[in-house]
Amino acid sequence: MKSFEYYNPSTLKDAVGLLKKYGEDVSILNGGTDLIVRMRDGHSEPKAIVDIKGIKELHQLVFEDGRVFIGGCVLLNDLGMNDVILKRYPYLSQAALSVGSKQVRNRATCVGNICNASPLADTATPLMALDADVHIYSDKGIKTVPLKDFFVFVRKTILQPGEIVTGISFKDDPDALGIFYKMSRRKEVDLSTVCSTVLRRDNEYAISFGAVAPTPIRLYKTEEYLNEHSLTEETINTACDMAESEVSPISDIRASEEYRREMVKVMLRNSLTEWL
Amino acid sequence: MKKIIEFTLNGELVEHAVDVQKTLLKMIREDFDLTGAKEGCGAGECGACTVIMDGRALNACLVFAVEADGHDILTIEGLAVDGVLDPLQVSFIENAALQCGYCTPGMIMTAKALLNENPTPTVEEIKEGISGNLCRCTGYKKIIEAIQFVVEDQPV
């Protein structure tokens, strides 16, 4: 591994100063469970690394002003095992605890999972379904962007040099019922072949899938159809067919395109059937 | 580029100048000659490098050594107290819970962190707890039994 300059600033301002100084040649180090592997394999060779774990305010997981705020450095295990998250958002907890191994989740963060912008990021589908916002700090101040607009492509986000995600938040809505599904080759320590979250608030649905498009996506047409029809076996069938037409999976080492398409239908059917 | 860090290693406060690109695993193995933790996959899949930082099990191959600054690191070498083996170490020996031994230090450190968190895990919880550690000799049955043995041995 190539050497680099290592910085561990204690304020966002200092961190942004360093990020701007190095521009494209800098990597933010959070949990590091992805970055270190990429550096080891030579896919990433930053000249400088800015470790943001020393910035205290990024470690907050708070329930305030009717919102849930997950700070940039909140660990996946701490999110998944949080009492309130377990109680109100069990599907988010399941998603968080389905990433990697226990050891990985003791380092890896939810915001890191999102910022990597993997199409199969496990915590992305519950957060997309919850209409989460991403909070981005730069020397121009804080801006807030809907998570659905944050992802651009595989491993690409709208983040510009000099910007740091301080956290992700969503409206605290304990009445929203959600179902998280992770289809993978083995139960533990595996990447999702397909993952999904289906959310229901009264009779409004939010459906999000991962690993079936270049980014995690929402299935808006299917949602609209379900919002306008009462749930029956027949409407579920129609919804599953619509869902299949809204995804654009590829074949890769984990599964074929056809298999993924089929799984979208199976997972949506299984989720919706719970509410029949 | 080197950076001076200060951390607790197996109960002892140490100050050390370390190459910034060195992982925690490389540092403890190469600089401190603590070779219990192994590099298996180097990518967080196998758990052979598991050590305990501030009470939590993690993969030492996925942490830069400089990140240990100010933290408490426990490796398999620090488990025995005054030459007396940890009950887990005794149990792994008594139950012959190892074949080639490569995964054993990581397995024991993971089990140690698991038992600290949950002193009375069920078999399912043990299996889930060690799911981040691979044993390519596939000796899982004896490993699970060795951990169970410690659980059963504890005063209720």
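In this predicted model, Ile52(B) stands opposite Leu74(B), which lies in S5(B). Local features need pLDDT of at least 70 and side-chain atom pairs count only at pLDDT 80 or more, while totals for chains, interfaces and linings use all residues. Residues are numbered from 1 along each chain as its sequence is written, and chains are lettered from A and ligands numbered from 1 in the order in which they are written.

**Sheet of chain B**

- Strand S3 (residues 50-53) and strand S5 (residues 72-74) of chain B pair in the antiparallel sense over two bridges; strands pair if DSSP finds at least two bridges between them. Helices (H or I, at least four residues) and strands (E, at least two) are DSSP runs, numbered from the N terminus.
- Helix H3 (residues 104-117) of chain B packs on the sheet and touches S3 and S4 of chain B, with its direction at about 35° to that of S3(B). Axes are lines fitted to C-alpha atoms, for helices over the stretch in contact, and angles run from 0 to 180 degrees between N-to-C directions. Residues are in contact if their C-beta atoms, placed from the backbone, lie within 7 Å.
- The open sheet of chain B has five strands in the order S2-S1-S5-S3-S4, with mixed pairing.
- At its edges are strand S2 (12-19) and strand S4 (56-59) of chain B, each pairing on one side only.
- From one strand to the next, the twist averages 40°.

**Sheet of chain A**

- Four strands of chain A form an open sheet in the order S11-S12-S13-S14, and the pairing is antiparallel.
- Strand S11 (177-183) and strand S14 (217-218) of chain A each have a single partner strand, so one side of each is left without a neighbour in the sheet.
- S11(A) pairs with strand S12 (residues 194-201) of chain A in the antiparallel sense over seven bridges. Ser196(A) in S12(A) is the bridge partner of Tyr181(A).
- H10(A) lies across strand S13 (204-210) and S14 of chain A, and runs at about 155° to S13(A).

**Helix pair in chain A**

- Helix H10 (residues 220-228) and helix H11 (residues 233-246) of chain A pack at an angle of about 165°, with axes 8 Å apart. That makes H10(A) roughly antiparallel to H11(A) (angles under 35 degrees count as roughly parallel, over 145 as roughly antiparallel, 65 to 115 as roughly perpendicular and the rest as oblique).
- Residues of H10(A) in this contact include Tyr225(A) and Leu226(A), and those of H11(A) include Ala239(A) and Met242(A).
- The residues of the contact of H10(A) with H11(A) are five nonpolar, three polar and two charged. Ala, Val, Leu, Ile, Met, Phe, Trp, Tyr, Cys and Pro count as nonpolar, Asp, Glu, Lys and Arg as charged, and the others, Gly among them, as polar.

**Domains and chain contact**

- Chain B is divided into domain 1 (2-78) and domain 2 (87-153), with bounds from an automatic or database domain assignment.
- In chain B, 14 residues of domain 1 are in contact with 13 residues of domain 2. S3(B) gives the most to the domain 1 side, with three residues.
- Between the chains, the contact takes 25 residues from chain B and 21 residues from chain A. S4(B) gives the most to the side of chain B that touches chain A, with four residues.

How values were computed. Two residues are in contact if their C-beta atoms, placed from the backbone, lie within 7 Å.
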